[in-house]
Amino acid sequence: MKKNKFYITTPIYYVNDKPHIGHAYTTILADVLSRYHRAEGDEVFFLTGLDEHGQKVQQAAEARQLSPQEHCDDLAPRFLGLWEKLEIQYDDFIRTTQKRHIAVVQQALQQVYDAGDVYADEYEGWYSVAEERFITETEKDSGSFRDIKKLKERNWFFRMGKYQKKLIDHIHEHPGFIQPGQRRNEVLGFLRQPLGDLCISRPKARMGWGIDLPFDKDYVTYVWFDALLNYITGPGYLADQKSFKKWWPASVHLIGKDILTTHAVYWPTMLFALGLPLPETIFAHGWWLMGKTKISKSLGNIVNPLDLIDEYGVDSVRYYLMREMVLGQDANFTMESFIKRYNSDLANDFGNLLNRVSGLIGKNFDGFVPEHGKMTDEEDHIKEEAVRLDPKVKKSVSEMRLDGAMEDILQLIRQVNKYLEYQAPWKVAKTDLGRAGTILYTATEALRICAVHLFPVMPFKCKAVLDILDNAGKGTQWGGLKKGAKLKSHEALFPRLEVPKQ
RNA sequence: CGCGGGGUGGAGCAGCCAGGUAGCUCGUCAGGCUCAUAACCUGAAGGUCGCACGUUCAAAUCGUGUCCCCGCAACCA
């Protein structure tokens with residue numbers, strides 16, 4: 001089903017540290033999905049940003065002897081720099097210290113307060129002096145916290161429990177609300193127990209880096225209540241009604257599995273309290289585990305996948321990340337698997353196919369894409385598969401199965417390699433140039449279609465392919481290749497990586 | 001018995017919901033081709049689908065039990 005508007009978000013990243021692979025993965029995934037939707041003609045709004053309040057930020061700033069704001073201002077460009085490097089085409093970059101966001105948080109708080117969903121109460125629990133925060137009973141029992149004491153503190157609470165039934169009903173009525181299904185079950189399991197209320201304040205005496213509660217100046221807002229609201233600040237809640245109405249509710253909140261509860265429980269109840277519709281989908285992906293990467297002398301001691309970008313190009317890293325992580329599962333990052341993917345998929349199959357067709361067309365047709373003659377069953381079969389690829393990829397993308405989409409495309413590329421093997425245009429050309437032309441046209445057109453489908457994942461390399469094919473059409477329909485187009489000479493698209501034998 | 005997910009040839013996954021020849025990628029071995037980035041193509045070896053019972057003409061697929069791994073379990077991004 002085609003939608004006209006697609007509003008996708010990443011979490012806003014917490015700036016207590018430098019950006020890492022987890023941030024990069026979620027953001028690339030959002031970018032790839034955005035690009036697929038744009039390619040389908042959808043209007044897209046892609047929001048990402050930074051979560052800059054809270055205790056951890058305050059502590060990180062103190063450790064560097066900076067003010068919290070200075071600390072954030074210093075880290076923000078690092079994220080922006082990485083997004084640039086990763087070719088991320090976001091539409092808006094939000095920082096929770098921006099005026100527009102502070103205004104939304106305070107007005108939202110006031111609204112919820114006025115509606116009677118906020119009350120003050122004494123909270124008593126175990127407090128870790130070293131960590132400067134309350135810890136859970138489980139954490140206390142784990143014994144990994146020293147210097148703990150019972151502490152009683154007055155705080156403001158949001159009546160989250162009030163919306164428990166409504167949330168459960170919503171999840172039941174909207175099977176796609178929390179994905180994958182496994183996570184949905186997890187949330188439903190969590191909601192089987194009574195849902196308590198949420199503490200949404202922190203006394204300034206203890207933690208001052210946050211947004212003032214509008215109804216009590218001695219407190220700042222709990223960081224999650226602040227952060228989640230970014231999703232409505234972005235499209236213009238309270239500031240630009242027209243824009244907000246156009247974009248909200250979000251199509252997809254992409255998140256890591258570690259922040260499922262906040263997004264699937266806190267956030268929806270907050271939206272209920274604000275009288276706003278819920279996002280269509282909250283999608284929790286898995287984690288990148290740093291597997292046992294063998295250290296190879298010739299490849300250097302690359303331990304951070306982000307370092308691969310400078311070495312092997314942003315496109316191959318984007319491809320690897322999209323291809324290697326399955327749906328909502330965890331994935332292992334290893335140098336071996338990266339090289340394997342790169343060589344087998346990108347160098348041997350994709351890049352090599354380009355060389356084959358461009359080389360053959362160069363030799364036999366002076367580099368001009370030949371006219372195709374009569375299509376035999378073999379050509380019809382390739383064409384049929386190329387046409388079928390479009391709905392396949394659309395389906396995989398709509399289900400967030402980027403690994404499946406990549407595999408679908410690679411299957412066609414392999415099939416074209418096979419087709420060439422059987423048709424052997426390098427032989428046919430000697431006796432029947434017309435027939436060879438038909439074969440090469442078919443292979444090249446199929447390759448073009450694959451490049452178009454791979455474009456959202458590998459924008460640089462796929463643009464290069466289309467350029468080599470003389471500004472070939474960007475459509476996924478058969479026939480986008482210009483007849484008589486002059487192919488450009490080129491280097492290997494993905495030079496094979498040599499791995500020394502162990 | 002807190003809730004949930006998973007255990008499939010050397011590795012990583014699909015198949016399970018709607019039972020009926022166990023599929024894909026990588027790796028290994030043999031062969032072919034030689035247009036191409038020592039790439040590409042074909043074939044082969046390799047799995048009692050964690051284990052045990054049960055339902056059924058028939059189970060990786062449904063049910064029960066059991067072992068192992070993992071995730072979640074509220075104020076912590």
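## Charges over rings

The charged end of Lys461 sits over the ring of Phe494, 5.1 Å from its centre. Here a charge sits over a ring if NZ of Lys or CZ of Arg is within 6 Å of the ring centre and within 35 degrees of the ring normal. Lys486 lies over the face of Phe368, 5.3 Å from the ring centre.

## About the model

This is a predicted model, where local features need pLDDT of at least 70, side-chain atom pairs need 80 or more, and totals for chains, interfaces and linings use all residues. Residues are numbered from 1 along each chain as written, chains are lettered from A and ligands numbered from 1 in written order, and side-chain values use heavy atoms, without hydrogens or water.

## Aromatic pairs

The structure holds 23 aromatic pairs. One is Phe338 with Tyr342: tilted, 6.3 Å centre to centre, 35° between the planes. Rings of Phe, Tyr and Trp (its six-membered ring) pair if their centres lie within 6.5 Å; planes under 30 degrees apart are stacked, over 60 edge-to-face, the rest tilted.

Phe338 and Tyr342 both lie in helix α14, four residues apart, about one turn. Both are buried. Elsewhere, ring pairs link a cluster that includes Tyr7, Phe45 and Trp267.

Helices are DSSP runs (H or I, at least four residues), numbered from the N terminus. Ser358 counts as buried because its relative accessibility is 15%. Buried means under 20% relative accessible area, exposed over 50%, partly exposed in between (1.4 Å probe, protein chains only). Beyond neighbours within four places in sequence, Ser358 is in contact with Leu487 and His490; contact means heavy atoms within 4.5 Å.

Helix α13 (residues 314-324) is mostly covered, with ten of its eleven residues buried. Among them are Val314, Tyr319 and Arg323.

Terms used:
Helix = DSSP H or I, 4+ residues; strand = E, 2+ residues; numbered from the N terminus.
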